[in-house]
Amino acid sequence: MKRRQFLRGAGAGVAGATLAGCVGDDVQSLTVDYAYYNPVSLVIREHGWLEEAFEGTDTEVEWLLSLGSNEANEYSQTGDAHVASTAGVAALMARSNGVPIRTPYIYSEPEWTALVTLEENGISSVEDLEGSQVAATRGTDPYFFLLQALDGVGLSEDDVEVVDLQHPEGQSSLVRGDVDAWAGLDPHMAELELEEDGAELFFRETNYNTYGFLNFLEEFLEDRPEDARTVIETYERGREWAIDNPEETAGILAAESDMSEPVAERVFTQRNDLSQPVPGDDHRDLLGDLAPILEREGLVAGDADPHGAVDELIDDGFASEVV
């Protein structure tokens, strides 16, 4: 999502969140997103564990599908979701631009993005991208992965033509030959890798992936801390089940997203680490390293302080009590 969209709607986020909390006189809503890039969310939703956790209370659970970090941040910005799943750097960009979120839980440490091309395009390194068209979804981890990859070889976004497409459209655009490369996201990337002849992940760097952040509206954490704790407890239940049942989790991922079982198994069993759910110094350090890129590329307002926003964003209190 472009900077001006964040800035235009940031003030509306708090008001929207207040409105989103009320469903009727005696019932309050809890709106949580689910995403194909967040397998734990799919497990929880499939088993109905969040609804079970709030059974007998005045809280009604609602689910929203996020197709990317940019869409999840839009839900947070407008107050349409109390809890939403993004990549870490996308959460930092949102917080820096005034979206009132905090991150009390890490839902995965993934390798969910790489740079992808087709063999026929003759691209084998990041340097080869100079002057090329590259599909990417602005405001998401693949986009920031691309920026880091370019920065690592002395290039910037000005040296390529970024074609702003949602992740599935980026995949299709590469296959059609409309772009030379694609900053891919699983499960679409794994699907292309396994099912498209000549598809190549020509640049991979695990450390450029910025974790899966579960973001809560700040007002929700402050006004409804017990509900927030219940969400995190339910995520812990889902995380532990997913770790103990990898094949079943891959099956849920396949069924929800209409991907094949082999693709789902690669995404979940090979590219997701669920072992460290508590946010901490590793996440602060990584986001601190990325803050200059946000400023250099004009992705935050001129008066924004992304370095300061790191500490405002990371909140280890809830998860430390629960995990």
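Q: Which handedness does the crossing of α11 and α12 have?
A: The crossing of α11 and α12 is right-handed, a word used if the near helix is turned clockwise from the far one by less than a right angle. This is a predicted model, in which local features need pLDDT of at least 70, side-chain atom pairs count only at pLDDT 80 or more, and totals for chains, interfaces and linings use all residues. Residues are numbered from 1 along each chain as its sequence is written, and side-chain values use heavy atoms, with hydrogens and water left out.

Q: And at what angle do the axes of α11 and α12 cross?
A: The axes of helix α11 (residues 246–257) and helix α12 (residues 261–271) cross at roughly 120 degrees and come within 8 Å. α11 and α12 are therefore oblique to each other, as angles under 35 degrees count as roughly parallel, over 145 as roughly antiparallel, 65 to 115 as roughly perpendicular and the rest as oblique.

Q: What about the loop there, is Asp-258 buried or exposed?
A: Asp-258, found in the loop between α11 and α12, counts as exposed at 69% relative accessibility (buried means under 20% relative accessible area, exposed over 50%, partly exposed in between, with a 1.4 Å probe and protein chains only). Phi of Asp-258 is near 65 degrees, a positive value in a residue other than glycine.

Q: Switching topic, which residues does a cis peptide bond join?
A: A cis peptide bond joins Asp-186 and Pro-187, with omega about 5 degrees, and Pro-187 lies in the loop between β8 (181–185) and α8 (188–195).

Methods
Axes fitted to C-alpha atoms, helices over the stretch in contact; angles between N-to-C directions. Helix = DSSP H or I, 4+ residues; strand = E, 2+ residues; numbered from the N terminus.
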